[in-house]
Every structure is written in C-alpha cells, then in structure tokens.
Amino acid sequence: MLVLDPGHAVKNEAGKIINAGAQASRRGVLERDVALHVADTIASLLEAQGAKVVMTRTRTNPWRYGFTSQADNRGRAILANMMRADAYIRIHCDWNRDRRFQGFTTYFYRWGSRELAENIHQSLANTFPGHRDNGVKRRSFVSASAHMPAVLVELGVLSNKMEGKELSEDTHQSHLAMAVAEGITNYFAK
Ligand SMILES: [Zn+2]
C-alpha cells in the first residue's frame, strides 16, 4: 500500500488555503493543481496494476492536517505511518528566483529511502532525456516523520517560462505520472 501526497492546498477552518504552493506566473498554473492531477493519474496507473493507493487529499476533500504548512506536512507523514504504508511519495513542483533554473529533482532523507528515490528518478530521466536532470538529493524536508521509504519529487520548475507552460499541459502531466508510476513499479519489482 502506498500513500501519495499531492503537495499543498490545505484549508484551515475558515476555508482559507494555508499551504498554497507555487504558481507558474501571475495567471499561470498552480503547483497544487499540477500535483493533484499528476498524483491522481499515478494512483490510477498503479491501481490498474493491483496496488492499493491512499491519497492525502483529493479533488473533493482537501483534508486538514494542521494549521501551518509545517504541521500540515507532518500530519500527512503521520497519516502514512498510521496507514502502515510501504512507501510515501510526495509530488511537488519547484520554484526558483532564478528564472533560468529548470529540470526535475528527486529528494530523499533517510538512507532507506534512497533506492526508491533512485528508481523514480531514473524513470524520469529515461522519459525526459531533453530535460535538465538535477539529480537525487538528500534533504531533511522530505520528511523526518515518515517511518517508511519516503521521496519528494519536484516534477519541474514553475518559475521557468518553458517548464511553467509545459507543466500546465495535460499530455506533459500524463507523461510525468507514467514516469513516476513506472519508477515506483520498478522499485517494488526488485
Ligand atoms: Zn511544493
């Protein structure tokens, strides 16, 4: 069983979004929408192979795990722990002040998560040979709370003009989902 976490978009009791995420440009696509669409597609692909997938939020239910972004993110990891997930995968898009910054990056924190990160990253690299590969990196923000292999994928960079546009496209989102799903499948096949 896996827990898939489409990043951001949790509301507080007043209905205000407290963990908003990035945006491509003033009227550009929102990280929380890209993350949700890609995660939904990953879930469908894995479920079609017989996997059990739990989402930390859905289109109709932006569940509330805390009143700050940090508490919210910790709450999502605790959900994965409670579900005794075999893997916890967080889907995000990057943003950078340097508009030239682009590419995909895969993060892990605990060493037991490295292999899952490498499988997902390799699949992205195979699927997108024309995109910048920022590598697999170790960072504590992935989730210190999760007890299972946990990975955070930055699918692309919203602040980059070319990637911001691409991330808004359905076909690109589908290809991203297929790549991540394949990486997860490869990891569990080993
Ligand atoms: Zn994010």
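How many of the residues of strand 4 are buried? Strand 4 is mostly covered, with 5 of its 5 residues buried, where buried means that 20 or more other C-beta atoms, placed from the backbone, lie within 10 Å of a residue's own, while 12 or fewer make it exposed and a count in between makes it partly exposed. This is a predicted model, in which local features need pLDDT of at least 70 and side-chain atom pairs count only at pLDDT 80 or more, whereas totals for chains, interfaces and linings use all residues. Residues are numbered from 1 along each chain as its sequence is written. Helices (H or I, at least four residues) and strands (E, at least two) are DSSP runs numbered from the N terminus.

- An open sheet of 6 strands has the order 2-1-3-6-4-5 and mixed pairing, where two strands pair if DSSP finds at least two bridges between them.
- Strand 2 (53-55) and strand 5 are the edge strands, each pairing on one side only.
- On average, neighbouring strands of this sheet are turned by 20° against each other, with direction ignored; axes here are lines fitted to C-alpha atoms, for helices over the stretch in contact, and angles run from 0 to 180 degrees between N-to-C directions.
- Helix 1 packs on the sheet and touches strand 1, strand 2, strand 3 and strand 6, and its direction makes about 145° with that of strand 3, contact meaning that the C-beta atoms of two residues, placed from the backbone, lie within 7 Å.
- Helix 3 also packs on the sheet, touching strand 3, strand 4, strand 5 and strand 6, with a direction that makes about 170° with that of strand 4.

- Strand 3 (residues 87-94) is mostly covered, since 8 of its 8 residues are buried.
- In a regular strand the side chains alternate between the two faces of the sheet.
- Ala87, Ile89, Ile91 and Cys93 point one way from strand 3, whereas Tyr88, Arg90, His92 and Asp94 point the other way.
- Strand 1 (residues 2-6) runs parallel to strand 3 and is joined to it by 5 bridges; Leu2 stands opposite Ala87, and Asp5 has Arg90 as its bridge partner.
- Strand 6 (residues 150-157) is likewise parallel to strand 3, with 6 bridges between them, and Val153 in strand 6 is the bridge partner of Ile91.

**Strand 4 and its partners**

- Phe104, Thr106 and Phe108 point one way from strand 4, and Thr105 and Tyr107 point the other way.
- Strand 4 pairs with strand 5 in the parallel sense over 4 bridges, and Thr106 has Val136 of strand 5 as its bridge partner.
- Strand 4 and strand 6 run antiparallel and are joined by 4 bridges, with Tyr107 standing opposite Leu152 of strand 6.
- Strand 4, helix 3 and strand 5 make a right-handed β-α-β unit, right-handed meaning that, with the strands pointing away from the viewer, the path from the first strand over the helix to the second runs clockwise.

- The 14 residues of helix 3 (residues 114-127) should span 20 Å at 1.5 Å a residue, and its end C-alpha atoms are 20 Å apart, which agrees; the expected span is 1.5 Å times one less than the number of residues.
- Buried residues of helix 3 include Leu116, Ile120 and Leu124, and what covers the buried residues of this helix includes strand 5 (133-138) and helix 5 (170-189).
- Helix 5 has 20 residues and reaches 28 Å from its first C-alpha to its last, close to the 28 Å expected at 1.5 Å a residue.
- The buried residues of helix 5, among them Leu176, Val180 and Tyr187, pack against helix 1, strand 3, helix 3 and strand 6.

**The nonpolar core**

- The largest nonpolar core has 49 residues, and those with the most contacts inside it are Val38, Ile42, Tyr88, Val151, Leu155 and Val180; such a core is a set of buried Ala, Val, Leu, Ile, Met, Phe, Trp, Tyr and Cys residues joined through C-beta atoms within 7 Å.
- Helix 1 (31-48) is among the elements that give two or more residues to this core, and helix 1 gives the most, with 8 residues.
- Leu155 touches residues including Val38, Ile91, Phe104 and Leu176, not counting residues up to four places away in sequence.

**Two loop residues with positive phi**

- His8, in the loop between strand 1 and helix 1, has a phi near 75°, a positive value in a residue other than glycine, and His8 is buried because 26 other C-beta atoms lie within 10 Å.
- Arg84, in the loop between helix 2 and strand 3, has a positive phi of about 55° although it is not a glycine, and Arg84 counts as exposed because it has 10 C-beta neighbours inside 10 Å.
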